[in-house]
Amino acid sequence: MSAKVNVGEIGERFTRAVDLAREAHQDDVRKGTRIPYLSHLLAVASLAIEDASEDTSLADQLEDVAIAAMLHDVVEDTVDKEAPVTVEDLERQFGAVVAQIVAGCTDAHTHPKPEWECRKRAYIEHLKIAEPNVLCVVLADKRHNAKCIVNDATRIGPSFWERFNAGPKKQIWYYSKVSEVLLERRPGAAAEELQHSVRQLCGLAERAL
């Protein structure tokens, strides 16, 4: 059911972002599955749109948030590819705000990528000072990731954690820290939902140790 209200417009720029995401992630799938990675990007965009729509401070950035959510992984995931997408590319195509949000969501801008734990520690520190539009997209990303991890780990069992380069102990540390920061920096129902999923995630990961 829908109703007409005065909200930010999501138009043709978002359609172009979907096309770019589809091309950039054409051969990518969710870890350990045959699910096209595009499904994650669409889910994150949906969650970010819902969150931003309820936040008056982001009302004039709704389309930028939606586009950045769709493209939040495009720099990080193409940095090792033959034709990487850069933050500068995004600024030329979608403007400075989208580029700023995606840059804030990215923990690896160069090839080769820094070591996992080093990247994640720097990323967590960055979230402590990140802008609200970045936090909105990061929260949407982590909500979807955590929910998928809980669902798959419950269904598959301890062997599920073999999908990740960083094992269950490191996943517990990372998601706990990110959830803690987001609950403090962007409090509300979305952050509380993430916290609930992360508690479930940690319980499942502990059983695999």
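**Before you start**

You are looking at a predicted model, in which local features need pLDDT of at least 70 and side-chain atom pairs count only at pLDDT 80 or more, while totals for chains, interfaces and linings use all residues. Residues are numbered from 1 along each chain as its sequence is written, and side-chain values use heavy atoms, with hydrogens and water left out.

**Stop 1: the whole chain**

Show the protein as a cartoon: there are 10 helices and 0 strands. Helices (H or I, at least four residues) and strands (E, at least two) are DSSP runs, numbered from the N terminus. The radius of gyration, taken over C-alpha atoms, is 17 Å, close to the 17 Å of the globule rule for 209 residues, so the protein is as compact as a globular protein of that length. That rule is 2.2 Å times the number of residues to the power 0.38.

Now colour by burial. Of the 209 residues, 49% are buried; here buried means under 20% relative accessible area, with a 1.4 Å probe and protein chains only.

**Stop 2: helix α5**

Select residues 87-94, which form α5, and look for its buried residues Val87, Asp89, Leu90 and Phe94. Viewed down the helix axis, the buried residues of α5 fall within an arc of 155°, so they line one face of the helix. The arc is that of the directions from the helix axis to the C-beta atoms.

What covers these residues? Then step to Gly95, which follows α5 and has a positive phi, near 100°.

**Stop 3: Val134**

Next, pick Val134 in helix α8, residues 132-156. Is Val134 buried or exposed? Val134 is buried, at a relative accessible area of 2%.

Which residues does Val134 touch? Leaving aside residues up to four places away in sequence, Val134 touches Gln100, Ile101, Gly104, Cys105 and His126. Contact means heavy atoms within 4.5 Å.

To finish, draw a distance from Val134 to His25: their C-alpha atoms are separated by 21 Å, and the two are 109 residues apart along the chain.

Note on methods: Buried < 20%, exposed > 50% of the residue type's maximum accessible area, 1.4 Å probe, protein only.
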